[in-house]
Amino acid sequence: MRVMAQMAMVMNLDKCIGCHTCSVTCKQAWTNRAGTEYIWFNNVETRPGLGYPRTYEDQERWKGGWELDKRGRMKLKAGGRFKNLMTIFSNPKLPSIGEYYEPWTYDYSTLTDAPAQEHTPVARPKSLISGKDMKIEWSANWDDDLGGSTETAHRDPMLAKIAEKVKFEFEQTFMFYLPRICEHCLNPSCAASCPSGAIYKREEDGIVLVDQDKCRGWRKCVSGCPYKKIYFNHRTGKAEKCTFCFPRIEVGLPTVCAETCVGRLRYIGLMLYDADKVLEAASTEDDQGLYEAQREVFLDPSDPEVIREAEKAGIARDWILAAQRSPIYALINTYKVALPLHPEYRTMPMVWYIPPLSPVVDVVQETGEDAEDKGNLFAAIDALRIPVEYLAELFTAGEVEPVDAVLKKLAAMRCYMRDINMGREPDASIPAAVGMSEEEMYDMYRLLAIAKYDERY
Amino acid sequence: MDGPLSDALVRSRRFFTKGTVSDDLRSLTKKGGREADDFYRDRWSHDKVVRSTHGVNCTGSCSWKVYVKDGIITWETQQTDYPSAGPDSPEYEPRGCPRGAAFSWYTYSPTRVRYPYVRGVLLEMFREAKSQHGGDPVLAWAHIVESPQRAKAYKSARGKGGLVRASWEEASEIVAAAHVHTIKKYGPDRVAGFSPIPAMSMVSHASGARFINLVGGSMLSFYDWYADLPVASPQVFGDQTDVPESGDWWNAGYLIMWGSNLPVTRTPDAHWMVEARYRGQKVVAVAPDYADNVKFADEWLPARPGTDAALAMAMGHVVLKEFFVDRDTPYFTEYVKTYTDLPHLVRLDEAADGTLTAGKFLTAADLAVTDEDEENAAFKTVLIDAVTDQPVVPNGSLGHRYGETGVGRWNLDLGDVDPRLSLLEGAEETVLVRMPRFDNPDGAAADLPRGVPARRVDGHLVTTVFDLLLAQYGVGRDGLPGEWAAGYDDAEAPYTPAWQEAITGVPASTAARIGREFAANAEESRGRSMIVMGAGTNHWFHSDTIYRAFLTLTNLTGCQGVNGGGWAHYVGQEKVRPITGYTQIANALDWNRPPRNMIQTAYWYLHTNQFRYDQFGADTLSATTGAGQLAGKSTADVIAQSARMGWMPSYPTFDRNPLDLSDDAANAGKPVSDYVVEQLKSGELDFAGEDPDAAQNYPRILSIWRANLLGSSGKGNEYFLKHLLGTDSSVRATETPEEHRPVDVTWRDEAPEGKLDLLMTIDFRQTSTTIFSDVVLPAATWYEKHDLNTTDMHPFVHSFNPAIAPPWQTRTDWDAWQTIAEKFSSLGATHLGVRKDVVAVPLTHDTPDAMANPHGVVRDWKKGECEPIPGVTMPKLVEVERDYGAVAEKMNALGPLVDTLGATTKGVTFELGEQVEYLRHKNGTVRGGVAADGRPSLKRDVDVCEAILTMSGTTNGHLATQGFKTLEKRTGVRLADLAEEHAGKQITFADTQGPPVPVITSPEWSGSETGGRRYSPFTINVERKKPWHTLTGRMHFYLDHDWMTELGEGLPVYRPPLNMAALFAEPALGNVSDGSGDQVEGLTVRYLTPHNKWSIHSEYQDNLFMLSLSRGGQNIWMSDRDAVKVGIRDNDWIEAVNRNGVVVARAIVSHRMPEGTVYMYHAQDRLIDVPIAETSGKRGGIHNSLTRLLVKPSHLIGGYAQLTYAFNYLGPTGNQRDEVTIIRKRSQDVEY
């Protein structure tokens, strides 16, 4: 056992209101400078939708992350490291600026400076790449609130597998938001892709950073990262990425994106894991086994042996205590409601998500039953607007069961709490039906609903 | 790993790096030696963090941390230090949204207004004229504006570039000279100011308002103008608006979001709804599109736009049937007997043909056996006591609110009386009453007969409001005659669930079930069912009827005045928590009273000449049961009538300068009041509103600050450009045909263009208003000044503070208006001196004026129906002295009237002697001068903050206690204990610079925060039996004013959206035209302008971050099904065309949009990426280029109980949702 500590995040998508405050505060703090105009360390995607950059999840095209070779050994999907070095000057797996978007500004000063003229002055869009007039055809968030679009559906890698489940009709509309930062993976393929050795994980907290002195701008990391969360600063010629706000984390402040999240849906905490087990877990043969495999890597911070080993590894007492009261541990391991994003990329991502509940479709409505009624609860889950298959493609390599289990827990919590809210006797059979005790369910409710600042971070 | 060679290569890393390469060679970890990342550490470092907020009209009121490095504002993040909402509740942290987070972009952006600007052509003329007139700026201004040619030269150049830099000295001189000239020649009421929503930055609002009010100008309303005022609120509650804080959503067991897209429009508060679901709250969304909030709802009811009242009426039908008729629900019954007008008696009027209609409330004046000299008897309603079966005059009605005998009796305590809700039990007789209906798709009026139990009381045939309500809702009972619904599935009978299905598209069973669930939850939880209602339902022409249908649900089920229950209207921002202090400063009540506060909708309806494009008369809206009181009148006539009867304000008031009018009276040796009445009667004097196109009646000066009239709220934008400003426009409408033209209001053959002489704007960014302005002054931003901020969304007061000093030549609003005031005073001293001004004041709410018109009977003196008596049948006439040389001095000091007259809010007068003395010491005392010597200073913005906080009950516990004690005397119920816990607490400005400060429970508002509870309105009314400010003192289902009866809106009723095809000959909805004939080709759709995710009104829509996260310019959302009909694809350039104007935008095509409706999100302004329109050959318009003003006559009612005017409390709304437009695909080659 080699105990290491990892700073991690959980986002409760069920609470995300899609406001993008996280994106803006992050951008204002980190990337509102020349060369980074198109860069959003934190972005929010409306799902269904193509994402940012467009179709980044299509690893058959972009070849990000890891895969197992025929002998079950892990290798970069973009090809072995040797191939990687050989293609260093011509990287075909790099999204173009058009896949992100061509950043622009406007000639705002015209509004003030326009001479007397025939028409009202107007500020026209100007490309921040070429400086020329442009028609805006794509943005960092073009898909906003569309809930998918027939205009782009044919390019959507997520829909390819479950097309029959998703119909872009008014009556069947569904959407949810997916905020994304760097995953600060336990098994980062960006680092492994870097020919210069410029990308490293901080030993004490696992934050993945690019050494700005060492980076030579090969952009192999951009290709290597399946989440496309490493960006190329075209001014400095260096790679840049989300830093998990390490200057704030170091002084005990949550990341900017987390603290400014008005949906109060982000949790930050420490996870202890066994570094010796990472490779084995990431090499799990079945894609759908990766979620459980990653959970196996995490260590119980209250286990005396783990504490002993952690101390041996030089992890400070207060960090061990922090790991014990970590909301991340509670959400991933105690309540098991958080799931990893695209575990099949095998990078062992460390930003996890609670999948969103969604309104029930007319099917349940027409039965005349109240979906809040206990008896009808699980039927309601089966009739959610968001197809569970879609969520499973995101979080469990397509395996529906774990997603279904989480949604049932959330629904059961609402049902259980309603009795308490209305002053009735609470019904212990509800938590029992999802394998939880009443106390567990109540504690989970407090963490998800009351969610005080001190409990979130 | 993947191969020996690459392993070897990678392994070599171990020797070259200071970090640790993992044994399996996958990753590199590193500890120490990370200097290369110092870039980010440097980037994060900053010198200081300053608390401030955003003075924007979103109601957010979020406290922010503003980061400063090297004297430069770098970015902002939200404060997280709000006082706790309790251990078992979520908190208010963080509050803020992406718009707010992007604000600092403006500070240094290229759209920042850095210097004063004047349009070149005007500046040149002014300089030349000044030199011609011996350097006198006032004469110079007259020289320009009194010459038609010169005036046209600069007016027609408005909005067409050519702004040049000027100094503050010169720009403020032009502004001051224009004011002096206008006041002298036309009168002070020809000067207007517009700045909305004081709560968002009270001092900044008060700055110009104080100046305008000191010179005698008109401040224009905003809450009604924005259509954010729910007129149903004064109608039902007798209150402007009072709603729960967002934290109270947490307490609800059932929550309907009705036309309110919380994640977008209430971003910082949405989490309360999201989190309350985890407590088992059921959440329902009623929205025509799959809006952002629908994601959270257990059920989505996609009611068709504008049909919400039909759905609510059907739900009400179910509630009445199942919870009142089929069985008795004790909680509901007790509640409605005590707190609503349902048991009160209504007379039934017999028409000539013998049919009956609902008439007036029975009052003590109608009773035979009554106290001989019963005071205010016509304002005391009557009910039947079930115990004695006799009529009883209960305490608490308006008649008890005033007069000697009402002392201690203005309360809702029924004593031993048990009000009879229905007269059915042992009914003497049953009669048929004609109930109005408008459910024909074109809104045409009809009625149907429904039976009610009735009895005779002292010769009057009466029934109860409850019996009428059941008749209206079509809920039959055994033994009653008339046409009734056969059942819920009776689609023919209003207002069944099946009936609404055809209208709304919501399945009948769903409507019934949601109504039932809402009530069942309220029964079980004793009132914890809530409806969050938003602009989606409030911005319609008939919104008052929509809202009354909603309020029927909350009020029947005992949800008002209960934490977690009732209405939660979040449209606009009405809650200036320290209202009393703010009102004194802004209205300059410390120096002169009364102010001229004008209803803005009527103002622009007349002065932008939109009244000249009406195609129908005011009686189009009348019910078949009406008496024809609006017959033959145009809307302009109704406005004029309302003004001359003293119901609504009207400024400019008379067709003569009010300063001259005072002089004329003095010369005639008569009191001004007598003189004016005499002149009006003789016809020598007229109301200006009766001839709005006469040159002496134009508004001449408009100053705008903290607002963007022409880019945001100005409905009928193109009419503004054409008639008010006199520049190019895209108006396509034809003028009113002769048969519909006004009869009382003069029609001039030639419509004036360019009425306004000066448009002045103070702003920190370029907007659609600044670019049309003659003078633009550079404002400090919200991170560059001191101010105060409150909201209805949370119970805290917090502050603005400068993170940096105002940069370039920008000034705070307070400073800018002081600059103007000083210039004005020096010119005014010589040109104007001291004058007398006669102010016409409408009958005012929360005063005995509410008893001017017994029974709400219309009496028009001009038609000889009564004598013109100021303060009764016409406006009060008050003479005010104006010392025009002392305006600046008065601005900077708290005047003496607060000492002598105190300050009155909602009928409670606060004595302020101690507070004034305190302020003398706290702010310092003014020394010297002609007017203000010895008065407390208001020189600095901080002084004004201090004065507001000191003079308000919510921020000064002494005053809260004092006010409650005053109210205790009138009501006879215990109240002062509500403020006891904070009796000695006084919030200072310094307090607000720390964490947000909770306010104190005060009689200024109807709810209580006592003991740290969440604020919910009317809890004081319910828990302490303090009456509402209505006729009965209860919440009203029934309104018996003549004009309400005329419109058939005595009770809640469904009225469909206006039919623009019938009224304005627009193509029918769904029409696809190929462009033949004189039609524009394209598809006709409903045109809605909901609030934007990427802006707050026009603010932020020009912000580069917001543009980068959206589509980067003006766009219109439409359904994929509509798009295909006219060959439009996503991101195509399209044009939206109707009679009001033309818009160019890009299409966003989405299946989340309902067929037949497009959204052009509100206020995308005119400045960003708007090409030339093919249809007009001019720059494409803004969202309001397609809208126009339509005034509902019932909003003009005044002088009767709760239907009495107060500023931003009652007035016609600037509604805009009933509009339609043609959408056409245009050439994809756009030109600019």
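Predicted model: local features only at pLDDT ≥ 70, side-chain atom pairs only at ≥ 80, totals over all residues.
A residue counts as buried when its relative accessible area is under 20%. B:Arg612 forms a salt bridge with B:Asp693, with the closest N and O atoms 3.1 Å apart. The pair links distant parts of the chain, 81 residues apart. B:Asp693 lies in the loop between α25 and β23 of chain B, and B:Arg612 in the loop between α22 and α23. B:Asp693 has a relative accessible area of 5%, so it too is buried.

A further salt bridge joins B:Glu1049 to B:Arg1055, at 2.8 Å between the closest N and O atoms. B:Glu1049 is buried at 0% relative accessible area. B:Arg1055 is buried at 4%. Shared partners join salt bridges into one network of B:Arg644, B:Asp686, B:Glu690, B:Asp744, B:Asp860, B:Lys862 and B:Lys863. Over all chains, the search finds 122 salt bridges.

The interface of chain A and chain B holds 16 of these bridges. In one of them, A:Lys15 pairs with B:Glu275, the closest N and O atoms being 2.8 Å apart. A:Lys15 sits in the loop between β1 and α1 of chain A, while B:Glu275 belongs to helix α12 of chain B. Both residues are buried. B:Arg1121 also forms a salt bridge with A:Glu169, at 3.0 Å.

The contact takes 133 residues from chain A and 139 from chain B. About 11700 Å² is buried between the two chains, and carbon and sulfur atoms give 53% of that area. Strand β8 of chain A runs parallel to strand β2 of chain B, joined by 2 bridges. Here A:Arg202 has B:Lys30 as its bridge partner.

Note on methods. Residues numbered from 1 in each chain as written. Chains lettered and ligands numbered in written order. Heavy atoms only, no water. Contact = heavy atoms within 4.5 Å. Buried area = accessible area lost by both parts, 1.4 Å probe. Salt bridge = Lys/Arg side-chain N within 4 Å of Asp/Glu carboxyl O. Pairing = 2+ DSSP bridges. Helix = DSSP H or I, 4+ residues; strand = E, 2+ residues; numbered from the N terminus. Buried < 20%, exposed > 50% of the residue type's maximum accessible area, 1.4 Å probe, protein only.
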